[in-house]
Amino acid sequence: MSFGTCARTMVFVVCLGQIVAGCGQNTPDRLNFALPTLNFEFSSESTQWRQAPPTAVPNMVCAGPQALATDCCSPPATLPTVDCQQYPVACDPLSNFCALTFDMEVVTKVDLVADVAEVAAVDGRVFTRVSLVSLSTSVSDLDDLPIRGANLYIGPGNAGGASSQAATLLAPVSLTLGTTLVTLSAEAQQAFSDFAQDYRTPFSLWLDAHFVIPNGSTPVGTDTFRVNARAEAVY
């Protein structure tokens with residue numbers, strides 16, 4: 001056998017071994033896959049958006065040595081009172097002024113079998129562990145709405161929302177423009193693994209955003225966050 005023929009035979013044997021073992025990132029004992037890109041849109045047109053009281057948010061210092069009072073719902077007699085059950089007015093700890101303060105959340109359901117071809121291809125296998133090997137969030141514009149903070153949660157598909165006892169915080173979401181890589185805690189990784197192992201059962205991801213709207217401001221528009229993730233399942 002010539003040297004060239006021998007070399008070609010060795011290459012064929014090596015490649016055949018790789019095929020048997022599982023070429024690329026997916027091998028007989030593990031599966032690497034991307035989740036679909038998740039979009040979370042917050043809009044002033046949403047039914048969750050809260051309006052300022054018709055008498056306006058009290059223009060009042062509510063904390064610190066210059067505070068006129070500490071309860072924005074019951075300001076001094078020179079300012080109108082506010083029904084805070086209907087209009088969520090509270091003291092903003094950053095400005096020390098009263099502000100319209102509320103949360104909004106957007107939910108996306110994830111069905112790994114329906115949404116991820118790689119998972120559908122191994123339907124029937126048992127995952128012993130599923131880890132998020134990468135998670136990133138991105139936002140291109142935050143000029144429209146005054147988002148003070150945002151958090152990403154995971155929970156059962158039928159959970160009532162991010163505040164449900166069945167939901168777990170995955171990670172805070174950066175309010176920096178562009179793409180940000182997220183580092184998950186051990187608890188967050190375990191929560192994701194618990195839901196993803198049962199891959200035939202859809203689960204939910206919520207993005208909860210905290211809004212603080214000062215007196216005299218009437219923001220209008222939409223802010224959109226995107227979440228991208230890759231996972232690895234071990235059989």
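**Exercise 1. Is Ala 56 buried, partly exposed or exposed, and where does it sit?**

Before you start, remember that this is a predicted model, where local features need pLDDT of at least 70 and side-chain atom pairs count only at pLDDT 80 or more, while totals for chains, interfaces and linings use all residues. Residues are numbered from 1 along each chain as its sequence is written, and side-chain values use heavy atoms, with hydrogens and water left out.

*Solution.* 
- Step 1: Ala 56 has 34% relative accessibility, so it counts as partly exposed.
- Step 2: Now find it: Ala 56 lies in the loop between β2 (38-43) and β3 (89-91). Strands here are DSSP runs of E, at least two residues, and helices are runs of H or I, at least four residues, both numbered from the N terminus.
- Step 3: Check the backbone: its phi is near 80 degrees, a positive value in a residue other than glycine.

**Exercise 2. Work out the strand order of the open sheet and find its edges.**

*Solution.* 
- Step 1: Two strands pair if DSSP finds at least two bridges between them.
- Step 2: The five strands, with antiparallel pairing, come in the order β3-β4-β9-β6-β7.
- Step 3: β3 and β7 (168-172) are the edge strands, as each pairs on one side only.
- Step 4: Zoom in on one pair: β3 and β4 are joined over three bridges, and Cys 91 stands opposite Cys 98 in β4.

**Exercise 3. List what Phe 192 touches.**

*Solution.* 
- Step 1: Contact means heavy atoms within 4.5 Å.
- Step 2: Skip its neighbours within four places in sequence, and you get Leu 35, Val 130, Ser 131, Leu 132, Ile 154, Phe 203 and Ala 231.

**Exercise 4. Decide how far to trust residues 2-24.**

*Solution.* 
- Step 1: pLDDT is the predictor's confidence in each residue, from 0 to 100.
- Step 2: The protein averages 89, and 89% of the residues score at least 70.
- Step 3: Over residues 2-24, though, pLDDT stays under 50.
- Step 4: Where pLDDT is low, the predicted coordinates should not be read in detail.

Notes:
Buried < 20%, exposed > 50% of the residue type's maximum accessible area, 1.4 Å probe, protein only.
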